[in-house]
2 protein chains.
Amino acid sequence: MPTRPDEADPIPLGPHVALARRARAAQRALARADGARRADALLRLDRLLEERAGALAAANADDVAAASSANDGAGLEAPLVRRLGLGPAKLAVLREGVRQLAHGPDPLGRALARRELDRGLELEQVTSPLGVLLVVFESRPDAVVQIGALALRAGDAVILKGGAEARASNRALVACLRDALEGAGLDPDAVQAVETREEFARLLACDDLIDLVIPRGSGALVRHVQASTRIPVLGHAEGVCNLVLDRAADPDMAARLAVDGKCDAPSACNATETLVVHAEFLPHLARVGEALRARGVALRADARALPHLPGATPAGPDDGRTEYGDLVLAVRVVDDLDAAIAFVAEHGSAHTDAIVTEDPAAAARFLREVDSASVFWNASTRFADGYRYGLGAEVGISTSRLHARGPVGLDGLLTTRWLLRGQGQVAGDYGPGKRAFTHRDLPR
Amino acid sequence: MPTRPDEADPIPLGPHVALARRARAAQRALARADGARRADALLRLDRLLEERAGALAAANADDVAAASSANDGAGLEAPLVRRLGLGPAKLAVLREGVRQLAHGPDPLGRALARRELDRGLELEQVTSPLGVLLVVFESRPDAVVQIGALALRAGDAVILKGGAEARASNRALVACLRDALEGAGLDPDAVQAVETREEFARLLACDDLIDLVIPRGSGALVRHVQASTRIPVLGHAEGVCNLVLDRAADPDMAARLAVDGKCDAPSACNATETLVVHAEFLPHLARVGEALRARGVALRADARALPHLPGATPAGPDDGRTEYGDLVLAVRVVDDLDAAIAFVAEHGSAHTDAIVTEDPAAAARFLREVDSASVFWNASTRFADGYRYGLGAEVGISTSRLHARGPVGLDGLLTTRWLLRGQGQVAGDYGPGKRAFTHRDLPR
């Protein structure tokens, strides 16, 4: 439903509604701007990030220091510092991404379909901006630049809510984005930020002004957002990924993929959480278990797997459907491929599931029948990622079945419109006994 | 989130949950079936509709008679009888549609993208079934066959809730679909029906078992469904369509498109509701007004248009943002193209908006800047329709910006999956200073 900023509103507007309406107005102007102007804003952003590198580093140092002292002087844990920090190497990667977006093709106005309905009556489906995005993220200030640049390229306005611990960094980065927009002659309100949970909660209620919410962070954050709004949410609440070891699995490959899937980044959503083992593979399971134990992985094995896995502990009822986010791995044995596929459907989160097998027929069935966002044959579940898929920057990973599924790039920030160009044709002239449509597909 | 039918549930399942779970299980089996088997089910449906034509006609006659007598013996209004009736001509069209779907290409497993990530590591994005659909429709029993056949072709299960006045017809048609599934060796629970509002309301709460709700009927029905569920809803609550008469509009074409837009089917969602008139077109407005008056259209004109439209009444504040569904048309004057585009954004429902102009530059701006699902140049708003667009059968028209926008065909009943085929690659081998991805697009 369109917004109607001109309407007399009987209730005084809350500041969050005014902010969302400014975003909507700025988005309309951004959508009207041509691709060269949006690219110019990105190139200005790249230069501002260079010019203000010193001030950005100082702001980021303040955030890191404040977070460290807040943590009882004990210093932050290393992972949080890694996420919060914005050193020269991270900044260089961010700027490279911004330049790539600027120099890449304009994502707007691309024809997805063209069809002649009749002579002189041509239909075209074209990519268009999605609208106003509300993005909430934890710790990582780089998300401001990644998401802001993607939104700008896609003609979308964005309202950002970052983590309190990155407040100074976020403010400095948002200022770069807004100044870049202004420098390119665009409305800076296409990028706005809020800093409190209360403001964010009120924005979640603006379902007539905001088109999509993107939570970047923990499953708890995503679940909270999903439960708090009627606006569509792009994200995944859980990543319970399975690695199926088929009877025809190569044992060395099985060990390698299990170790990479679990250990490459145990807290990532695409980490492997469960090994689903074909009963006929059991004689080779010890080799996989040894490789995992050597990397410090704790195994929680069911009764049939346990004898093959020295040092493993017995699995409880939740092992096999749990996202550990840690060096813990469930091991469950099934009788055949049907049971493996059923296990994945019932216990996984439909995020990413992989099979290890030398049997092409088993692989074909798995690829066909497993209904998850990403389904792999002889590859680590860790490949489920926008950068690895070559999508350019990643907006997030979606386990929704609508709009965007799996790793989402720029395409997830677009919608489409149908354009019809005629010569005065009327619908009443067509139908049974009247003119017929030609419905001829045209080259795009 | 996947369903877990094997879990012990502490609360006894309501019958609606059991029904939805049966749908989910049947859907999984349907998704596994190959395209030939799903096509066979459709061909069996076509034959059953022929074999049971007599019984179907009798059931439909019962519905029409019951509805007529319920209406105080005064007989139903003609439009309702037209919607409720299922005569031989309608049945023939339905059967033709079913055969077309059966003989058309399999919509599942189509590659939308293929990319080499590295040598021997190939990514493919393929079309896949969306899942379980809940469809509610009013009066028209033909919706059972249209939606049921589309869902079956797309590998989706469907739960149907038809209007009470078509109960006998719906039952007979649902039986045809279920028998066709069974005859093809598929689980008949991929098509199920509920008949009461209570059952439907309970199903709307099953957001972990149902993927999409499709309401086919009035705006009031769509709004009710949208307000009653967390499941995504495909539909349009309002169709407030504008026809802009530019200063460079051909007056005869303007009159023709206004008459078709308003009179071809006044109750349709793509009917024109408002004429937005460029001030410089005012000298020609009388000709458009005459053509509309000759067709019995009541005009509600603002102060500037009124002098040019004999017989028109003054517009109130809601004229220009109202879906009349009747032979009533608002007329509003604007100063220039900018104001026309702003008017459409603020007062329309982003369903379908058209401009009449001989000026290609004005048309280009309109097509570029109007952010509606369908945007037309020199064509009637009535063309916004899945059949006219050549989408085959139409699922509905969506004013959502996500997933599907505008007229929606079979594609709106699909999702995608990412398939990755490797040779044992692990993610830890890639990255700065390690292996680089090739990211080479492959032919589809």
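**Conventions.** I number residues from 1 along each chain as its sequence is written, with chains lettered from A and ligands numbered from 1 in the order in which they are written. In this predicted model, local features need pLDDT of at least 70 and side-chain atom pairs count only at pLDDT 80 or more, while totals for chains, interfaces and linings use all residues.

**Domains.** I looked up chain A and found domain 1 (15-227) and domain 2 (241-383); such bounds come from an automatic or database domain assignment. The C-alpha centres of these two domains of chain A are 37 Å apart.

**Chain contact.** I took residues as in contact if their C-beta atoms, placed from the backbone, lie within 7 Å. Chain A contributes 65 residues and chain B 65 residues. On the chain A side, the elements giving two or more residues include helix 1 (15-32), helix 10 (251-263), strand 13 (374-379) and strand 16 (414-425). Helices (H or I, at least four residues) and strands (E, at least two) are DSSP runs, numbered from the N terminus. Strand 16 of chain A gives the most to this side, with 11 residues. I noted 28 nonpolar, 19 polar and 18 charged residues there, where Ala, Val, Leu, Ile, Met, Phe, Trp, Tyr, Cys and Pro count as nonpolar, Asp, Glu, Lys and Arg as charged, and the others, Gly among them, as polar.

**Strands.** I counted strands as paired if DSSP finds at least two bridges between them. Strand 16 of chain A runs parallel to strand 13 (residues 374-379) of chain B over 5 bridges, and Leu419(A) stands opposite Val375(B). I also traced an open, mixed sheet of 11 strands, in the order 10(A)-9(A)-11(A)-8(A)-7(A)-12(A)-13(A)-16(B)-2(B)-1(B)-17(B). Its edge strands are strand 10 (313-314) of chain A and strand 17 (440-441) of chain B. Strand 2 (residues 121-129) and strand 16 (residues 414-425) of chain B pair antiparallel over 8 bridges; Gln125(B) has Trp418(B) as its bridge partner.

**Helix pair.** In chain B, the axes of helix 2 (residues 35-51) and helix 7 (residues 167-183) come within 8 Å and cross at roughly 135°. Axes are lines fitted to C-alpha atoms, for helices over the stretch in contact, with angles from 0 to 180 degrees between N-to-C directions. Residues meeting here include Ala41(B) and Leu45(B) in helix 2 of chain B, and Cys176(B) and Ala180(B) in helix 7 of chain B. By class, this contact has 8 nonpolar, 1 polar and 2 charged residues.

How values were computed
Contact = placed C-beta atoms within 7 Å.
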